[in-house]
Amino acid sequence: MFHFKKTKKSKKTNARVGIIETPRGRIKTPCFMPVATKGALKGASFEEINGFGADIFMVNTFHFFCNERYRDVSRFKGLHNFLNIKYPLITDSGGFQVFSLGSGWDQGTGKIMTAKSNNSHSGLKKINNVKITEKGVIFKSPYNGDKLEMTPEISIKIQEKLGADIIFAFDECTSPFDSYEYHQESLDRTHRWAKRSLDVFKKNNQEMFGIIQGGKFKDLREKSAKFIGSLPFFGFGIGGSFGESFGDSKAGVSQVLDWTIPLLPDLKPRHLLGIGEPDDILESVERGIDSFDCVIPTRWARHGTAMTWKGRANLKSLKFLKSKNPIDKNCFCPVCLNYSASYISHLLKEKEIYGIMLLTKHNLYWILNFMKAIRNSIKNDSFELFKKSFLKQYK
Ligand SMILES: [Zn+2]
């Protein structure tokens, strides 16, 4: 029922188009998976965004775990019934959020670190809210402070109850400020956790992706790609926080892909976790990434930022408030076809929920359409040209 096939490869780069077949539908790759963190797209409906070309949505296991809401979902026999949708879904393992709470958030780490930050550490990690053992992770619930434990077995069990079509193995997401020694120790543990995730996986109408870690260290990334790549996963996720310790954080993402992708099986899909800025997407597709998930389109919308072919635009600025044009003249989403930037700017300034809803819709349409343009360019052997001309105008 699950199958991945490459349908075309770019001649000069590793960019490729393909299809992931799932029992609930086909996913055209390279694709963007909109993130419905707690089961909603923050102001847009699944139907509408599916109509814009989203073949699959991501839901985060972490929140359904912390508040035990997965028990309620389980009574519905899974997220598809609970959310009343029929499209493919993917859940992450919860690992990234668990570690963000303890390590990353303390140090200001996101998926791409920009803030100058501090201390490296080694040995068994015990930072504020998070304690890591061989068995798993003990942390404090951000909801009510309760002590919670997440292990590979628990993560897989909950992801099975949530019932997404594709799930992820449980891993430790390290901080870019962790030492080499710590990364080494953590990676070996993540590899043991990957095996344990597979051991308990019932494979009942679901498939699993393994996750490659190793931070900014070439030998560890290669080791991880070889090891995780040799396990019987359906596909692979490339994880980690990419920090300034790389020098340029964006270049750090590409660097990791250059190290890892050549070592992964060519006939399995590859997902880049949590990265979704248009320029990063182009660099990653060029290196052979097939899918992305990221909160950027919806988060930016809540902050009044629009995605456009010329770069990000702050809709709260006077320029847009005075503009009778759509947000992006080259966008044909229902928002750009029907409303002026001025109207949306006004709604955002007045904190009207509808303003965020409209901008969320535009941003999701924009990025899904961007992915479609990427797929078409690979099919037409013009990906390099598309990338070059896009980056020329994207500021
Ligand atoms: Zn638009």
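**Zinc site**

I began with the spacing of the zinc ion's donor residues along the sequence, which reads C-x1-C-x2-C-x25-H. The model I am reading is a predicted one, in which local features need pLDDT of at least 70 and side-chain atom pairs count only at pLDDT 80 or more, while totals for chains, interfaces and linings use all residues. Residues are numbered from 1 along each chain as its sequence is written, and side-chain values use heavy atoms, with hydrogens and water left out.

I then looked up the donor atoms themselves: C331 (SG), C333 (SG), C336 (SG) and H362 (ND1) coordinate the zinc ion at 2.1 to 2.3 Å. Donors here are N, O and S atoms within 2.8 Å of the metal (3.2 Å for Na, K and Ca), and since water is not among the atoms, sites may look incomplete. Which geometry do the four donor atoms give? They subtend angles of 99 to 117° around the zinc ion, so I noted the arrangement as tetrahedral. The criterion for four donors is that all angles lie between 85 and 135 degrees for tetrahedral; four count as square planar and six as octahedral if opposite donors are over 155 degrees apart and all others between 65 and 115, and anything else is irregular. For reference, the ideal angle for four tetrahedral donors is 109.5 degrees.

Helices (H or I, at least four residues) and strands (E, at least two) are DSSP runs numbered from the N terminus. C333 is buried, at a relative accessible area of 0%, and H362 also counts as buried at 0%. Buried means under 20% relative accessible area, exposed over 50%, and partly exposed in between (1.4 Å probe, protein chains only).

**Nonpolar cores**

I next asked which residues of the largest nonpolar core touch the most other members. Of its 100 residues, these are F370 and I374, and helix α15 gives the most to this core, with 11 residues. A nonpolar core is a set of buried Ala, Val, Leu, Ile, Met, Phe, Trp, Tyr and Cys residues joined through side-chain atoms within 4.5 Å. Leaving out residues up to four places away in sequence, I374 touches P30, I281, L282, V285, F383 and F386, where contact means heavy atoms within 4.5 Å.

**Salt bridges**

I counted on the computed total of 27 salt bridges, each being a side-chain nitrogen of Lys or Arg within 4 Å of a carboxyl oxygen of Asp or Glu. One of them joins K11 and D381, with the closest N and O atoms 3.3 Å apart. This pair links distant parts of the chain, with K11 in the loop between β1 (3-9) and β2 (16-22) and D381 in the loop between α15 and α16 (383-393), 370 residues apart. K11 is exposed at 70% relative accessible area, whereas D381 is partly exposed at 33%.

The salt bridge of D72 and R75 (3.1 Å, N to O) lies within helix α3 (residues 70-75), its residues three apart, about one turn of the helix.

R196 and E153 form a further salt bridge, with N and O atoms 2.8 Å apart at the closest; R196 is in helix α7 (residues 180-200) and E153 in helix α6 (residues 152-162), 43 residues apart. R196 is buried at 19%, while E153 is partly exposed at 28%. I also noted one network, in which salt bridges that share partners join K6, R16, D266, R270 and D290.

**Aromatic pairs**

The structure holds 23 aromatic pairs. Rings of Phe, Tyr and Trp (its six-membered ring) pair if their centres lie within 6.5 Å, and planes under 30 degrees apart count as stacked, over 60 as edge-to-face and the rest as tilted.

For F168 and F209 the centres are 5.5 Å apart and the planes at 70°, so I recorded the pair as edge-to-face. F168 lies in strand β11 (residues 166-168) and F209 in strand β12 (residues 207-212), so the pair ties together parts 41 residues apart in sequence; both residues are buried.

W309 and F370 are likewise edge-to-face, with ring centres 6.1 Å apart and planes at 65°. W309 sits in the loop between β16 (305-308) and β17 (311-314), F370 in helix α15, 61 residues apart, and both are buried. My last entry is one aromatic cluster formed by W309, W366, F370, F386, F390 and Y394.
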